[in-house]
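Biologist: Before we discuss the terms used for this protein, may I see it?

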Amino acid sequence: MSKNQSFTDFKAYFYSKVTDFNLFDCAEFNALKMVLDGLRVDYASRGTIELHIFGPLWKYDFLNFLKRVKAKTKNQKQYSIAQIEQFKSKKYLVIDDGRVALDAKGMPHSYYFTTLMQSINRADCLHITEKKRHENSIYDLNWEELTNQFLLAPSNADEKQLINDLKITYNNIKKSNLFSQKELLNIGFSLQNFFYKYKIWARLLTMVNPQKMFCILHYHTEGRTLAFRRKGIEVIELQHGLIATTDVFYVFPAQTKSIINKALFADQIWVYGNYWKNVLEKGVEYINKIKVAGYYLYDNFTGYEHIEKEIDTFAEGKKLIIITTQTTLHKAFIDYTLWLANNIASRNLPYKILVKTHPLEKQEHYAILNHTAGVKIMNQPLPVLFKKVQLHVTIYSTTLFDGARAGVPGFALYNEQYKDYINEIVQSGVAYPLAQHENPIDLIDNLKAVDASYYYSDFKIQDL
């Protein structure tokens with residue numbers, strides 16, 4: 001298996017290879033998603049990895065002791081018991097990936113959870129960020145400091161039992177002879193990551209006791225889900241982006257149905273609109289557990305008139321095409337932007353190009369575009385930029401749906417690796433296919449109106 005396989009090819013290969021999913025049973029749960037995680041991410045390709053929890057337990061604990069000593073000399077930040085226990089009566093625990101949206105004053109707001117926390121009463125929420133992505137971000141606890149506090153602690157009886165259960169399952173997977181040595185290494189590393197996350201969250205939950213937990217990912221986070229499930233705390237996943245039938249971690253096939261309730265999914269998933277509900281209902285993992293929440297993302301972008309004026313100055317009366325980029329795909333976007341800019345110039349077309357880079361990308365990747373005529377990089381909020389453009393190009397991003405919500409026609413640029421996602425987006429009706437050397441201006445006559453409410457309904461917490 002290769003992480004460079006298309007999603008369709010990966011799933012076809014895996015589900016033809018594995019037919020008995022009870023192989024992944026472990027204690028009261030099933031490790032199917034951790035196996036998929038290891039194989040799809042391919043941790044071994046990133047460098048040398050070690051499987052500490054699968055060796056002697058005394059050696060694992062001794063290694064942690066040495067790491068604790070080293071951490072103490074570095075004065076790593078940790079919370080006091082009192083700092084954590086001040087949140088023990090909070091009704092809701094919100095786990096944020098740290099992504100923020102900046103308002104017109106440059107102040108960050110949680111992109112995924114500001115609206116939710118305001119709706120359920122911010123004072124009732126314990127807000128934990130998994131990564132501090134902006135220096136002025138506001139939250140209650142930081143995952144990094146919780147990790148410093150709990151990860152290296154001596155193993156307790158619960159953790160020792162889970163390590164033993166994972167060893168049994170890992171040995172059963174080995175004995176199946178279904179996987180190569182590299183694949184086994186990746187699976188083992190994923191199971192180890194699972195244990196580490198369980199340990200941190202389980203220890204935190206001895207000090208706080210929420211009624212519900214809200215998050216945006218059910219995959220790569222199964223250890224967290226197990227910790228909450230064992231405490232009887234309901235886990236609610238909020239849709240965070242694109243969901244497609246070709247996904248590895250959504251729309252699971254019927255042959256997994258017998259073990260799916262043990263596979264550590266959230267208890268509910270809240271989606272943006274009926275389109276996404278219809279997609280998920282093609283899988284077996286969230287049967288009767290899907291609610292249409294509507295558009296819950298942060299959406300207060302008033303006060304950006306100066307940015308709109310800057311765009312107007314750049315446009316010089318011409319129309320605008322916006323290209324929204326995606327992580328790891330900078331070469332494809334740069335190549336296309338340079339081609340499109342040249343095509344527009346050579347034909348003397350009345351258009352210019354805005355490029356909006358993904359917030360998690362390195363800006364230096366796109367340095368060449370700063371010197372390309374008719375192109376301007378702008379990293380202001382998309383709702384502000386969509387007000388000023390006429391056409392939108394990306395590859396397979398949810399920004400195509402965002403553009404439809406703003407009334408901007410979208411085009412999905414062909415990319416061989418992501419052709420599965422692209423085809424499904426085109427079939428959804430929200431975007432048109434675009435060849436690598438094709439100008440969207442030439443396709444304007446084909447455009448049809450899109451009903452954005454099918455993808456994004458209004459957010460109404462009282463309905464949930």
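Predicted model: local features only at pLDDT ≥ 70, side-chain atom pairs only at ≥ 80, totals over all residues.

Modeller: Residues are numbered from 1 along each chain as its sequence is written, and side-chain values use heavy atoms, with hydrogens and water left out.

Biologist: Why is the pair Glu 28 and Arg 230 called a salt bridge?

Modeller: A salt bridge requires a side-chain nitrogen of Lys or Arg within 4 Å of a carboxyl oxygen of Asp or Glu. The closest N and O atoms of Glu 28 and Arg 230 are 2.8 Å apart, so the pair meets that cut-off. The structure holds 20 salt bridges.

Biologist: Why is Lys 352 called buried, and why is Glu 316 called exposed?

Modeller: Buried means under 20% relative accessible area, exposed means over 50%, and partly exposed lies in between (1.4 Å probe, protein chains only). Lys 352 has 12% and is therefore buried, whereas Glu 316 has 58% and is therefore exposed. These two residues also form a salt bridge, with their closest N and O atoms 2.8 Å apart. Lys 352 belongs to strand 13 (residues 351-356), and Glu 316 to the loop between helix 11 (305-315) and strand 12 (319-324), 36 residues apart.

Biologist: How do you know that Lys 277 and Glu 281 are partly exposed?

Modeller: The relative accessibility of Lys 277 is 22%, and that of Glu 281 is 45%. Both values fall between the two cut-offs, so both residues count as partly exposed. Their side chains meet in a salt bridge of 2.6 Å, N to O.

Biologist: What makes the nonpolar surface patch?

Modeller: Trp 58, Phe 62, Phe 65, Leu 66 and Val 69 make this patch of about 540 Å². Patch residues need over 30% relative accessible area and no salt bridge; like charges are joined within 9 Å, and nonpolar side chains (Val, Leu, Ile, Met, Phe, Trp, Tyr) within 5 Å. Accessible areas come from the Shrake-Rupley method with a 1.4 Å probe, and for residues only the protein chains shown count as cover. Leu 66, in helix 3 (residues 57-73), has a relative accessible area of 42% and therefore passes the area cut-off.

Biologist: Which residues have the most contacts inside the largest nonpolar core?

Modeller: They are Phe 14, Phe 24, Leu 166, Phe 179 and Phe 214, in a core of 159 residues. Such a core is a set of buried Ala, Val, Leu, Ile, Met, Phe, Trp, Tyr and Cys residues joined through side-chain atoms within 4.5 Å. The largest share, 11 residues, comes from helix 8 (residues 181-204).

Biologist: How do you know that strand 10 and strand 11 pair?

Modeller: Pairing requires that DSSP finds at least two bridges between two strands. Strand 10 (residues 268-271) and strand 11 have three bridges, so they pair, in the parallel sense. Val 271 stands opposite Val 292 in strand 11.

Terms used: Helix = DSSP H or I, 4+ residues; strand = E, 2+ residues; numbered from the N terminus.
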